[in-house]
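Thanks for coming, everyone. Let me put the model up, and then we'll walk through it.

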Amino acid sequence: MFVFQPVIPLPPDVKYAGFAFCGNFKDIPLNFKYSSALAESTKDENKRTIFDKELLKFFKDNKSLISGFNLLIGEDSDTKISMALAVTRENISVVNIEDVYKVVVNLCCNVIFVNFDGMKIVASYPLYLEYIDVRKEPPTEDYKLDLMKKLYFSEDFSILKILKERLSNLKLRNDDRLSLKIMNVYLEDEAKNKLDIYKNNLGAFESIIAQKFSDFLSSKLDVSVLPYAKDYLGARMSLVFSDARVQDFEIPPASYGIDFTLRKLTKELYKEGVGEDAYLYGAYSTIKVYDPDLGTQYWEKKVKYGSVKNIPKLQKTVDDFSVHDEMTGLVMLEAIKEMQNDKPFYKEVIERCLNK
C-alpha cells in the first residue's frame, strides 16, 4: 500500500554578509562616532575590525540555534539572499544634574536579509538596546569608546546577547506573509516638554522611539518589521560593509503601516510621606494601524500606562527623564497587549504577518 509522505522543504540557504553601517559612507563618522571609531581602532593587519572578528565567531558558535534558514559562512552557493547585522542609530547623551553626570546610550541595530538579485530587503529584525549610567565624574572619550565596545559584545548586556536570544526566531518571510512598518512617530507638546535630553534633537528621539517600538513588535509578536525609513531618501536603505562596499537596497512597501503618537508624559504627587513622597508617572499614546496605500484604517486606540515611584525627600536629584523614558516603553508594551487581546484585529492583521 502506498503511503503518502509529505515533503518537508529544506530551509533556504543564506550567505553571511557581515557587519554594516546604515547610511551614506561620508556620514558614518558623524552618525556613528563611537562605533566607527571602535571599528577603525581595532583593525588588524588584514583590515579586519572587532566587528568582523566577533560577529564571525558569534555566528559560528551559535549556528545551531538558527532553524529558519541555513546560514552559510564562507561556503559556495547559488543563493542570492544574504544576512547582515547593520547598526542604524547610535546616540550618546550626557546630562549634568547637580553633582552627578548621567550617560544615556541608545544603540539600534537590524538583522537584515537582502536579495542581491533584485537589491531588495526581504526581512528585517530590529534590535534595540538602552543603557543608563550615573557617574560622579564627567565621562571621557575613552570611557565612551570602551562603553560602546561593551554594549556591542559583552556577555551579560549587549547587542550580541539580545541577538543570541532572538536567533531561533529569525526567518525569511514567506511570500504570502504580510509586513508591518512604523511609518510615523509624532510627539505632542505635553510630551516634548518632558524630553530634556532631546529637546534640541527631537528627530533623534523620534527615530529611537520608532526603533524601540519596532523591536517590541518584532520580539513580542514574532513578526518581521520593515526598517523605519524616515532618515533615508525614498524607500531605500544604504549599507556600508566592512570592506567599504556601499550597496543601496529597496525597502518594499509595507502591508500595514503604524503611527505612534506620544501625546503626554506626566508626573503628579500621589502620596506625601514622612521620609519619601510617592509620584505617579504616566505616558499617554495613540496607536493607529492602517493600509499605507489605500488609507484603510484597521485599528486605532488611545493607550496609557502609569506607575508609582517613591522618591526619598533627602534625594538631591530626580532623574525624571529616565522614568518618562521607561513609561514610554511600557506604554508600547501595553499597546501590544491591546493588539493581542483584540481578537478580530489580531486575526485580520497580526496573524497575516506572523513568521510561519
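Which side chain meets Glu137 in a salt bridge? That of Arg135, at 4.0 Å, N to O. By salt bridge I mean a side-chain nitrogen of Lys or Arg within 4 Å of a carboxyl oxygen of Asp or Glu. Glu137 counts as partly exposed, at 47% relative accessibility. The scale is relative accessible area: buried is under 20%, exposed is over 50%, partly exposed is in between, with a 1.4 Å probe and protein chains only.

Some ground rules. This is a predicted model: local features need pLDDT of at least 70, side-chain atom pairs count only at pLDDT 80 or more, and totals for chains, interfaces and linings use all residues. Residues are numbered from 1 along each chain as its sequence is written, and side-chain values use heavy atoms, with hydrogens and water left out.

Back to charges. The structure holds 16 salt bridges. One of them pairs Lys267 with Asp320, at 3.2 Å, N to O. That pair links distant parts of the chain, 53 residues apart: Lys267 is in strand β10, residues 256-272, and Asp320 is in helix α8, residues 320-341. Helices (H or I, at least four residues) and strands (E, at least two) are DSSP runs, numbered from the N terminus. Lys267 is partly exposed, at 30%. Asp320 is partly exposed too, at 23%. Salt bridges with shared partners also join Lys33, Glu141 and Lys144 into one network.

Next, Asp44 and Arg48. Their side chains meet in a salt bridge at 3.4 Å, N to O. Asp44 counts as buried, at 17%. Arg48 is partly exposed, at 36%.

Now a lysine without a bridge. Lys181 sits in strand β6. Lys181 is buried yet has no salt bridge. How far away is the nearest side chain of opposite charge? It belongs to Glu250, 10 Å away. For charge, Lys and Arg count as positive, Asp and Glu as negative; His and the chain ends are not counted. So what does Lys181 contact, leaving aside neighbours within four places in sequence? Among them are Val225, Leu226, Pro227, Tyr256 and Ile258. Contact means heavy atoms within 4.5 Å.

On to the sheet. It is open, has 5 strands with mixed pairing, and runs in the order β7-β6-β10-β11-β12. β7 and β12 stand at the edges with a single partner strand each, so one side of each lacks a neighbour in the sheet. Two strands pair if DSSP finds at least two bridges between them. β6, residues 180-187, runs parallel to β7, residues 225-226, joined by 2 bridges. There, Lys181 stands opposite Leu226. β6 also runs parallel to β10, with 7 bridges. In that pairing, Ile182 stands opposite Ile258. β11, residues 276-290, and β12 run antiparallel, with 15 bridges. Thr286 has Lys302 in β12 as its bridge partner.

Last stop, helix α5, residues 159-166. Ile159, Leu160, Ile162, Leu163 and Arg166 are buried there. Why are they on the same side of α5? Because they cover an arc of only 160° around the axis. The arc is taken from the directions from the helix axis to the C-beta atoms. These buried residues pack against α3, β3, β4, β5, α4 and α7. At the start of α5, a side-chain oxygen of Ser158 reaches to within 3.4 Å of the backbone nitrogen of Leu160.

How values were computed:
A polar contact is a pair of N or O atoms within 3.5 Å; within protein, one must be able to donate a hydrogen and the other to accept it, and residues adjacent in sequence count only if both atoms are side-chain atoms.
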